[in-house]
Amino acid sequence: MKGNVLQHLAVATATDIVRARSVARQEAARIGFGLADQTRLATAVSELARNVLKYASEGSCLIHEDSTATEMRLHITMEDHGPGIPDVAAAMKDGYSTGGGMGAGLPGTRRLVDKFEIESFPGLTRVTISMVRKRQ
Amino acid sequence: MGPSVCVYLWRVFYCCRGEDYYRWGTTKKGIDVSTKSNTAVLSTLLEQNRTAIIEEWKRTVMDSLGHKYPGVLSMDELHRHADMKLSAFSAYFSTCGEALVTVTKESTLGRMVYELSTDHDMRGIKPVDTALYLVALKKAISHRLALLLPNSQEQLVDLLEPLFGLMDQLTLLSFDAYSTTREKVIAQQSQSLMELSTPVIVLWNNVLLLPLVGVIDTIRARQFTERMLEAITRHEGIVTIIDVTGVPVFDTGVARHIMKAVDAAQLLGSKVVMTGISPEGAQTLTKLGISFANVTSRVSLRAGVAEALKLVGRRIELINGAN
């Protein structure tokens with residue numbers, strides 16, 4: 001966790017996915033990210049939240065920022081206490097899926113954001129994504 | 001002043017004279033009530049003071065709610081409600097021993113409160129006013145009891161306790177009833193919203209339009225896919241335009257649903273033209289690594305319609321003389 005916590009949301013139902021991504025979009029807009037970045041972030045949050053719901057059935061989404069005078073820095077930590085990802089390295093490759101998906105979620109999410117950290121073992125999966133932009 | 005009220009005053013007067021209520025009960029009814037529990041006494045008192053309680057309650061309700069809901073609440077109806085409630089109360093208290101029985105939704109009283117709340121909800125009476133309805137009844141009964149037992153604080157407290165216990169349960173139940181009704185309404189609305197939100201429009205002969213609006217989850221995806229396939233079969237759709245202008249977020253989940261729909265449409269021999277992907281959406285999709293390689297895509301619905309018409313050998317042109 002870095003800087004100020006902006007929002008802490010539960011992810012347990014399909015409605016929570018919608019809420020998490022729209023809150024993330026709002027926060028990004030408030031900090032000053034452009035429309036394209038907002039959309040990317042919302043999509044990334046949507047991907048991660050969907051994974052939480054699909055594999056762990058519930059978790060939480062923490063939105064935090066540690067922007068400076070020169071940089072906008074927004075982070076989102078998605079956490080769950082599910083079974084964990086058996087092979088993280090494989091899951092980060094395109095086309096790998098254990099849940100019947102497209103296998104584009106995690107690698108795609110990584111491409112959408114500037115920084116992507118993942119740790120996963122049975123009982124805890126934590127993904128932190130960050131978006132960093134220089135202030136205009 | 002009706003004859004029953006006279007009887008009341010007389011009774012009140014009579015029991016004020018005696019040291020306690022029990023003696024009055026014993027002499028008046030000829031039954032030994034000294035061994036009766038508080039709830040049984042309460043039951044008897046409610047029966048005996050029914051009219052006075054109803055009158056007071058009607059007055060309070062009309063004073064506080066009458067002007068808010070003109071023409072909605074009638075005296076007759078209030079009277080009927082109060083009468084039913086009081087009978088149910090005294091029946092309830094007569095079955096209770098020392099301890100109060102929990103009022104369930106299925107019991108007579110529970111059903112009564114449920115019906116009241118549902119009925120009020122349908123007629124636009126706010127939940128807080130329904131609660132007031134019940135609270136006023138509690139007030140009316142406790143007033144009456146206080147009048148009957150002016151010298152016996154202790155007994156009054158003993159009698160009020162089960163009464164308040166019951167009334168609190170009923171108030172909680174009425175709120176439960178409200179939220180249940182609300183939840184039902186919400187469920188129905190989302191159902192009807194779902195019905196509304198995935199129409200398949202026949203744009204021209206063999207040209208179908210499927211405007212997607214809102215969140216695409218598994219249920220909605222299945223629904224619009226079914227409708228689209230059915231429409232393609234029925235109208236021999238040669239081209240199907242899927243417009244995604246109204247889809248807020250395009251992630252892999254949504255993309256997968258749409259791709260499956262596209263594949264199914266192509267199996268039925270319909271070409272698919274996708275329209276309305278925003279510039280940000282396009283960028284996001286490529287970053288995610290999703291390519292709609294087998295789909296013709298146009299930036300706007302207008303361009304999509306032109307393309308679709310071209311595919312069926314038509315075009316839109318000016319009528320003679322117009323410009």
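Which residues in α1(A) meet which residues in α2(A)?

Author: The model is a predicted one, and the account below describes it as such. On the side of α1(A), the residues that take part are A:Asp16, A:Ile17, A:Ala20, A:Arg21, A:Ala24, A:Arg25, A:Ala28 and A:Ala29. They meet A:Asp37, A:Gln38, A:Leu41, A:Ala42, A:Val45, A:Ser46, A:Ala49, A:Arg50 and A:Leu53 in α2(A). Sorted by class, this contact of α1(A) with α2(A) has 10 nonpolar, two polar and five charged residues.

The geometry may be considered next. Two packed helices are described by the angle between their axes and the distance between the axes. Helix α1 of chain A covers residues 14–31, and helix α2 of chain A covers residues 35–56. They pack at an angle of about 150°, and their axes are 8 Å apart. Angles over 145 degrees count as roughly antiparallel, and therefore α1(A) is roughly antiparallel to α2(A). The crossing in which α1(A) passes α2(A) is right-handed.

A sheet in chain A also belongs to this picture. Strands of a sheet pair through backbone hydrogen bonds, either parallel or antiparallel. Here the sheet is open and has five strands, in the order β1-β2-β3-β5-β4 of chain A, with antiparallel pairing. Its edge strands are β1 (4–11) and β4 (115–121) of chain A, each of which pairs on one side only. From one strand to the next, the twist averages 10°. Helix α1(A) packs on this sheet, where it touches β1, β2 (59–65) and β3 of chain A. The direction of α1(A) makes about 165° with that of β1(A).

Strand β3 of chain A, residues 71–80, and strand β5 of chain A, residues 124–134, pair in the antiparallel sense over 10 bridges. Within this pairing, A:Arg73 stands opposite A:Val132 in β5(A).

Finally, chain A is in contact with chain B. This contact takes 21 residues from chain A and 16 residues from chain B. On the side of chain B that touches chain A, the elements that give two or more residues are α10 (252–267) and α11 (279–288) of chain B. The largest share of that side, six residues, comes from α11(B). By class, the side of chain B that touches chain A has five nonpolar, six polar and five charged residues. Chain B itself holds 12 helices and five strands, and 32% of its 323 residues count as buried.

Conventions
Residues numbered from 1 in each chain as written. Chains lettered and ligands numbered in written order. Predicted model: local features only at pLDDT ≥ 70, side-chain atom pairs only at ≥ 80, totals over all residues. Axes fitted to C-alpha atoms, helices over the stretch in contact; angles between N-to-C directions. Helix = DSSP H or I, 4+ residues; strand = E, 2+ residues; numbered from the N terminus. Parallel < 35°, antiparallel > 145°, perpendicular 65-115°, else oblique. Left-handed = near helix turned anticlockwise from the far one by under 90°. Contact = placed C-beta atoms within 7 Å. Nonpolar A, V, L, I, M, F, W, Y, C, P; charged D, E, K, R; others polar. Pairing = 2+ DSSP bridges. Buried ≥ 20, exposed ≤ 12 C-beta atoms within 10 Å, placed from the backbone.
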